[in-house]
Amino acid sequence: MNTLHKLTINLAAKARKRVLRQGLSRVWLRCRSTVENPPGVKTMPQFTVPTGILGQATCHTHPHLIQPGYLTCGITQMEYRERRETLVNKLVSEMENTHQSHIIVIPAARKQYMSDKIPYVFRQNSDFYYLTGCLEPSAILVIVKPAQTDNFKSIMFVHDKDSHAELWEGPRTGCASAAHLFAVDEARPVESFGNFISKITKSSRPSMVWYHNESPANPDIDSAVRTALRDGQASLQDPQRALHFMRVRKSPAEIELMKETCYIGSQSINMAMACTKPGVTEHQVNAVLEYTCRQGGAEHLAFPPVVAGGPRATHIHYIANNQTLAADEMLLVDSGSQRWLYNSDISRTWPVSGKFSKHHRILYELVLAVQKRLIELLGEHRPALDQLFDSMCRLLGTHLQQEGIIPKHVDGNELIGKAYRLCPHHVSHYLGLDVHDSPLVRRNSPVTAGMIVTVEPGIYIRPDDETVPAEFRGVGIRVEDDVLITEGDPLVLTEACVKEADDIEAIVGKHSM
Ligand SMILES: [Mn+2]
């Protein structure tokens, strides 16, 4: 472990310093500033985190995870409060009728079971977490804004203290501490939600209920919301689009969290490269990814990873990961970590033997050149992601033609079409609390500073693809980095992950499991 540690540290040290340094100073100043407000400037309310054992880790009980004064790692109660305020203002401004009350309902995810009483690892609903920092299943955030006032009230419905339930499931925050912990105006037991929503919609007519009713995060409360809508004659609107437009641009604190998860994900892939040798199985490489991510501080992997040797890499979502790796194969890995719910998403491809064959190196360097050029383009004029995809097809087509993989006489749209056939997936998506983050922000939307996007061109040549020279067949290659868009040059947050062909050859196989 020590030799490998030194090797990856050396390869990644410079990159890491640069990635972690940028932006840190700004956040540090924000948290540590002792400058007093000039007279007359409104001071913002201050919040504190209650002491005692609560339903989730706090800065008091888990100081190794959460800094003093923060609600969750890196995020203050004030930041969550400001997000709720921004959402209310956005939603209200979308409606012209000022005589209307607004009731926003954002449910937490509920527990999911793999079989009787055996739960899956709980994953909070990202929209709910973004607005509350609350990790409790089946909680509900309700924001009520009466007509013709600027004020609004946030109410959290949580599971109240219950010694029997807590004996089995662990401590709960309970109503008495939840309002304080989540810096909301009120906390009530979840069981009272049905009554509450039906009373409030009846008493605040006319009202607009903002609730995402397509594939709701918690179907258990769906019927209560529907009944309230009907009986209260309220209109229904979906808050998710506005929320996703907020989530797609990361705050300085979120950027720090993304840098951490990207660093952990990068090192896990470096470790996977180091452990790769002929005879090792895809399953074992999967285990290395998982171990290294958790050991680095991630909750778990961001998604079931693709660990695909040889021609299996031409199936883009191959996750069986159950084959033995052979010396003449390339290995494609697409993996990432989730830390404090923020995800990294990285792909690398390397030779199992530790040495690229002539034709594998040609293909790898071709994809790498296209990937680097696409990152440059993001810095030059921040194309929308759909435009970046067009650029990928054009670049791939030209490069494949230069290498004789696509015939010389092909041009224009036909060339782009042939490139598209070899890379049938999109080149980019937004990244954050979800791996495919903010899906309601379309990929033709303008790309702006604060967004984090993936850049992931690839080529997949099936073993039976007779349109391509035989020596290039049976291989899938993808190179994927996570990139922060800034006012200046884009910042590659996964820069610690080895990607130059020579560096890959220096690290593959250097560690024994
Ligand atoms: Mn991706």
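User: At roughly what angle do the axes of helix 12 and helix 13 cross?
Analyst: This is a predicted model: local features need pLDDT of at least 70, side-chain atom pairs count only at pLDDT 80 or more, and totals for chains, interfaces and linings use all residues. Residues are numbered from 1 along each chain as its sequence is written. Helices are DSSP runs of H or I with at least four residues, strands are runs of E with at least two, and both are numbered from the N terminus. Helix 12 (residues 358-381) and helix 13 have axes (lines fitted to C-alpha atoms over the stretch in contact) that come within 10 Å, and their crossing angle (0 to 180 degrees between N-to-C directions) is roughly 145 degrees.

User: Is the crossing of helix 12 and helix 13 left-handed or right-handed?
Analyst: Look at how the near helix is turned from the far one. Anticlockwise by less than a right angle is left-handed, and clockwise is right-handed. For helix 12 and helix 13, the crossing is right-handed.

User: How many nonpolar residues are in the contact of helix 12 with helix 13?
Analyst: Two residues are in contact if their C-beta atoms, placed from the backbone, lie within 7 Å. Helix 12 brings L366, A369, V370, R373, L374 and L377, while helix 13 brings L388, S391, M392, L395, L396, H399 and L400. Ala, Val, Leu, Ile, Met, Phe, Trp, Tyr, Cys and Pro count as nonpolar, Asp, Glu, Lys and Arg as charged, and the others, Gly among them, as polar. The contact has 2 polar residues, 1 charged one, and a nonpolar count of 10.

User: How is helix 13 oriented relative to helix 14?
Analyst: Helix 13 (residues 385-402) and helix 14 (residues 412-422) have axes 8 Å apart and an angle of about 95 degrees. Angles under 35 degrees are roughly parallel, over 145 roughly antiparallel, 65 to 115 roughly perpendicular, and the rest oblique. So helix 13 and helix 14 are roughly perpendicular.

User: What about helix 3 and helix 9: which orientation do they have?
Analyst: Helix 3 (residues 77-94) packs against helix 9 with axes 10 Å apart. Their angle is about 130 degrees. The pair is therefore oblique.

User: Which residues of helix 9 make the contact with helix 3?
Analyst: Helix 3 passes helix 9 in a right-handed crossing. On the helix 3 side, the contact uses R83, T86, L87, K90 and L91. On the helix 9 side, the residues are A242, L243 and M246.

User: Which helix gives the most to the side of domain 1 that touches domain 2?
Analyst: The domain assignment (automatic or from a database) gives domain 1 (59-246) and domain 2 (249-507). Contacts join 14 residues of domain 1 to 13 residues of domain 2. Two elements give two or more residues to this side of domain 1: helix 4 (126-132) and helix 9 (240-247). The largest share, 4 residues, comes from helix 9.

User: How far apart are the centres of domain 1 and domain 2?
Analyst: The centres are taken over C-alpha atoms. The separation is 36 Å.

User: Which two residues does a cis peptide bond join?
Analyst: Most peptide bonds are trans. Here one has omega of about -10 degrees. P206 is in the loop between helix 7 (193-203) and strand 7 (207-210). The cis bond joins R205 and P206.

User: Where does S138 lie?
Analyst: S138 has phi near 60 degrees, a positive value in a residue other than glycine. S138 sits in the loop between helix 4 and strand 4 (140-145).
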